[in-house]
Amino acid sequence: EPELSGEFAEILNWADEFRTLGVRANADTPADARIARDFGSEGIGLCRTEHMFFDGDRIDAVREMILAENEDGRRRALKKIKPYQKEDFIGLFEAMDGLPVTVRLLDPPLHEFIPHTDEEVKRVADGSGLSVEQLKAKAVELHEFNPMLGHRGCRLGVTYPEVYEMQVYAIMEAACELKKAGKDVQPEIMIPLVGHVKELKELEEMTRAVASEVIAAAGVELEYLVGTMIELPRAALTADEVAECAEFFSFGTNDLTQTTLGLSRDDSGKFLPLYIEKGIYKEDPFVSIDESGVGQLVEMGVQKGRSTRPGLKTGICGEHGGDPASIFFCQKAGLNYVSCSPFRVPVARLAAAHAALKA
Ligand code: PEP
Ligand code: MG
């Protein structure tokens with residue numbers, strides 16, 4: 001177990017007296033959440049739920065869900081996944097012991113869930129009652145040439161609402177169970193890859209309906225938030241509309257960089273060094289916020305969001321959230337918190353204090 005000790009811990013405690021930006025962590029497992037807390041994280045700013053769908057045997061049920069012919073088939077498969085999901089969230093909430101936990105609803109490039117080998121297809125067929133031929137045909141149908149700009153994020157929630165619904169039930173049931181046992185929980189449900197307020201509205205309404213139902217059935221009082229990621233230029237440009245349906249914004253600067261610069265986050269490495277050498281890019285835009293492009297959209301998103309909802313809580317959860325230069329920018333842009341990988345939390349605390357002193 002890593003932990004901060006001695007003089008280093010003391011310096012960071014001094015830093016905390018000055019910083020105004022909150023520091024949270026991106027963590028998907030209770031183990032990572034505990035590391036983040038030991039390093040001084042004030043909450044989870046991004047729990048990606050994708051990996052949870054790959055764990056152990058679950059992937060077969062997930063593939064079954066993705067390849068199902070219709071909603072009934074998807075619901076049958078989702079029933080197998082739900083108990084695992086609930087356990088995942090109980091573990092995270094317990095590890096964070098009452099600190100806020102932002103859970104992002106599923107955001108996979110769909111192709112990652114499609115079975116590739118005959119063996120994988122057969123396992124899904126055995127569990128689902130569908131034929132191998134049917135499954136293979138469906139897998140071909142789901143193929144995308146550009147999955148990162150395809151059927152992912154909230155588009156999945158709009159086309160297969162039962163998937164997000166299952167996740168919201170699992171999050172809220174986990175939270176209510178802990179609350180009933182006298183523990184503190186602060187769930188924040190986050191919808192990814194929103195580009196238009198109508199996508200968000202639909203999913204926000206579903207989320208609130210499910211949450212109210214679970215809270216009423218449990219007979220507890222529980223506060224929760226529903227918010228969105230701002231990770232497409234369109235979401236930043238229309239942030240005043242988006243804010244009508246969001247209680248918080250979290251800037252996903254990985255995708256926002258990819259979509260603003262039109263630059264693949266997965267294979268920009270080939271020409272980037274030359275671009276940096278020539279000064280076309282000041283530095284790697286996936287490491288440090290590109291202030292002239294992405295940064296302007298972040299500032300615009302904050303301002304427009306707050307014009308609709310004064311005091312709107314805003315954070316950043318792209319990789320930039322742990323980069324000192326980007327943290328300076330986040331302070332200037334008026335964000336409330338940064339969220340970064342657990343091992344970068346100490347550096348983020350220090351950088352946030354520097355940024356506050358500079359401001
Ligand atoms: C982002 O796009 O910045 C983000 C945090 O989401 P992900 O990296 O999971 O796409
Ligand atoms: Mg993203």
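**Backbone angles, core and ligand shell**

Leu193 is located in the loop that joins strand 4 (186-191) to helix 9 (197-218), where helices (H or I, at least four residues) and strands (E, at least two) are DSSP runs numbered from the N terminus. The model is predicted, and local features need pLDDT of at least 70, side-chain atom pairs count only at pLDDT 80 or more, and totals for chains, interfaces and linings use all residues. Residues are numbered from 1 along each chain as its sequence is written, while chains are lettered from A and ligands numbered from 1 in the order in which they are written.

Although not a glycine, Leu193 has a positive phi near 55°. Leu193 counts as buried because 23 C-beta neighbours lie inside 10 Å; a residue is buried with 20 or more other C-beta atoms within 10 Å of its own, exposed with 12 or fewer, and partly exposed in between, with C-beta atoms placed from the backbone. Asp97, in the loop between helix 4 (71-96) and strand 3 (100-104), also is not a glycine and has a positive phi of about 50°. Asp97 counts as exposed because it has 12 C-beta neighbours inside 10 Å.

The largest nonpolar core contains 105 residues, and Phe93 and Val338 have the most contacts inside it. Such a core is a set of buried Ala, Val, Leu, Ile, Met, Phe, Trp, Tyr and Cys residues joined through C-beta atoms within 7 Å. Helix 8 (residues 161-180) gives the most to this core, with 11 residues.

The residues around ligand 1 (C-beta atom, placed from the backbone, within 6 Å of it) include Arg48, Asp107 and Glu231. Helix 12 provides the largest share of this shell, 3 residues.
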